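Dear colleague,

I am handing over the structure that I have been going through, and I would be glad if you could look at it alongside the notes below. The sequence and the model come first, and what was found in them follows.

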Amino acid sequence: MATTTTQTMPTSWREGMSSDNVKGLVLALSSSIFIGASFIVKKKGLKKAGASGVRAGVGGYSYLYEPLWWVGMITMIVGEIANFAAYAFAPAILVTPLGALSIIISAALAHVILREKLHIFGILGCVLCVVGSTTIVLHAPQEREIESVTEVWDLAMEPAFLMYAAFVIGAAFILIYYFIPQYGQTHIMVYIGVCSIVGSLSVMSVKALGIALKLTLSGMNQLIYPQTWAFTLVVVTCVLTQMNYLNKALDTFNTAVVSPIYYVMFTSLTILASVIMFKDWDRQSPTQVVTEMCGFVTILAGTFLLHKTKDMSDGLSTSLSMRLSKHSEEDGVNGAEGIPLRRQESLRS
């Protein structure tokens with residue numbers, strides 16, 4: 001009986017998670033570690049560059065001359081390469097939610113290195129993000145079997161995904177040319193909105209390109225197809241756009257808030273794009289889909305806690321600075337009036 005049980009457990013485990021999904025899981029975890037650390041290193045570089053030049057948040061590019069920013073950029077590239085490879089092995093619904101780990105790393109490092117305060121409820125918010133992501137990962141579908149990049153292109157050319165792509169491009173142009181000039185410095189959702197919606201298209205193209213490279217390395221050359229190079233062009237365009245507006249968001253707002261909000265929006269839109277393009281939910285039962293949605297609600301609850309924590313910190317620091325300035329003014333007035341009074345008393349005596 002013991003032997004039967006021992007043999008059954010690995011079998012059911014393999015049925016629940018294929019070897020390709022495991023590879024994607026490991027790559028996604030390592031990617032999150034690198035990306036989470038890169039947020040902090042890049043922000044340190046942005047601060048250092050902003051002290052001697054024009055800040056990125058107001059349109060400056062002095063950070064390009066700052067070595068520390070490039071260290072952070074290289075760290076992010078390493079993480080993105082691991083992320084790129086993960087998409088070649090596992091579905092987006094499995095890979096993307098693991099970005100929650102980068103939230104924990106960036107929030108913790110921001111608290112220690114950048115001295116950006118993280119309230120106890122912020123820590124609880126991070127935990128909720130991880131719990132929600134884990135729920136999604138445990139119920140993720142198996143990777144779709146694809147034998148050519150042309151199959152991915154056919155999926156991208158279906159009416160439903162073309163409508164989604166048109167919506168994303170239109171929304172990105174409206175945000176960039178209308179909302180950013182007016183609200184970019186005051187509303188965090190504007191910069192992050194551009195990064196997230198453009199990012200959902202970049203992930204679909206990254207996945208297509210990753211599949212093409214994986215098939216090429218296995219002996220089926222996909223570089224001869226023009227579709228491979230079309231996906232490459234989309235990846236380059238989208239990633240450059242994301243990098244530009246993510247830098248602006250990091251330079252303008254608190255890292256501990258930028259990371260989780262970007263994660264939730266990016267993850268939600270990426271999974272939506274994957275469901276439309278690769279029809280991931282068609283291969284799942286209603287119970288699995290509902291469980292994944294519950295995971296999203298948990299993540300959103302965690303993000304809400306993190307956002308409210310930032311508001312609490314800002315409110316406390318603002319009220320404290322107002323009290324200090326008020327006391328300083330009172331001390332200054334009393335001091336200025338006290339000196340002449342003391343002099344008058346000494347003259348009288």
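Throughout these notes, contact means heavy atoms within 4.5 Å. This is a predicted model, in which local features need pLDDT of at least 70 and side-chain atom pairs count only at pLDDT 80 or more, whereas totals for chains, interfaces and linings use all residues. Residues are numbered from 1 along each chain as its sequence is written, and side-chain values use heavy atoms, with hydrogens and water left out.

To begin with the overall picture, the protein chain has twelve helices and zero strands, where helices (H or I, at least four residues) and strands (E, at least two) are DSSP runs numbered from the N terminus. Of its 349 residues, 45% count as buried; buried means under 20% relative accessible area, exposed means over 50%, and partly exposed lies in between, with a 1.4 Å probe and protein chains only. Among the contacts in the protein chain with a separation of 6 or more, 83% are accounted for by residues 24 or more positions apart.

Turning to helix packing, two packed helices are described by the angle between their axes and the distance between the axes. The axes here are lines fitted to C-alpha atoms, for helices over the stretch in contact, and the angles run from 0 to 180 degrees between N-to-C directions. Helix H8 (residues 159-183) and helix H9 (residues 188-217) have axes that come within 9 Å and cross at roughly 155°. That makes H8 roughly antiparallel to H9, given that angles under 35 degrees count as roughly parallel, over 145 as roughly antiparallel, 65 to 115 as roughly perpendicular and the rest as oblique. The crossing of H8 and H9 is left-handed, a term used if the near helix is turned anticlockwise from the far one by less than a right angle, with right-handed used if clockwise. On the H8 side, the residues that meet H9 include Phe-161, Tyr-164, Leu-175, Phe-179 and Tyr-183, and their counterparts in H9 include Val-190, Tyr-191, Ile-197, Leu-201 and Met-204. By class, this contact of H8 with H9 has 19 nonpolar, two polar and no charged residues, where Ala, Val, Leu, Ile, Met, Phe, Trp, Tyr, Cys and Pro count as nonpolar, Asp, Glu, Lys and Arg as charged, and the others, Gly among them, as polar.

For helix H7 (residues 149-156) and helix H10 (residues 226-252), the axes come within 9 Å and cross at roughly 60°, and H7 and H10 are therefore oblique to each other. Their crossing is left-handed. Val-149, Thr-150, Val-152 and Trp-153 in H7 meet Gln-227, Thr-228, Ala-230 and Phe-231 in H10, a contact that has five nonpolar, three polar and no charged residues. Pro-226, which lies in helix H10, counts as exposed at 58% relative accessibility; Pro-226 and Thr-150 are 76 residues apart in sequence and 9.2 Å apart in space, C-alpha to C-alpha.

The structure also holds eight aromatic pairs, in which rings of Phe, Tyr and Trp (its six-membered ring) pair if their centres lie within 6.5 Å, with planes under 30 degrees apart counted as stacked, over 60 as edge-to-face and the rest as tilted. Trp-69 and Trp-70 form an edge-to-face pair, at 4.9 Å centre to centre and 85° between the planes; Trp-69 counts as buried at 1% relative accessibility, whereas Trp-70 is partly exposed, with a relative accessible area of 39%. Tyr-262 and Phe-266 form a stacked pair, at 5.6 Å centre to centre and 25° between the planes. Being four residues apart in helix H11 (residues 255-278), Tyr-262 and Phe-266 are separated by about one helical turn, and both are buried. Ring pairs also link Tyr-178, Phe-179 and Tyr-183 into a cluster.

Ser-31 lies in H2 and counts as buried at 1% relative accessibility; leaving aside residues up to four places away in sequence, Ser-31 touches Gly-79, Ala-82 and Asn-83. Lys-44, also in H2, is partly exposed, with a relative accessible area of 36%, and with the exclusion of residues up to four places away in sequence, Lys-44 touches Leu-68, Ile-113 and Leu-114. Lys-44 and Asp-251 are 207 residues apart in sequence and 9.5 Å apart in space, C-alpha to C-alpha.
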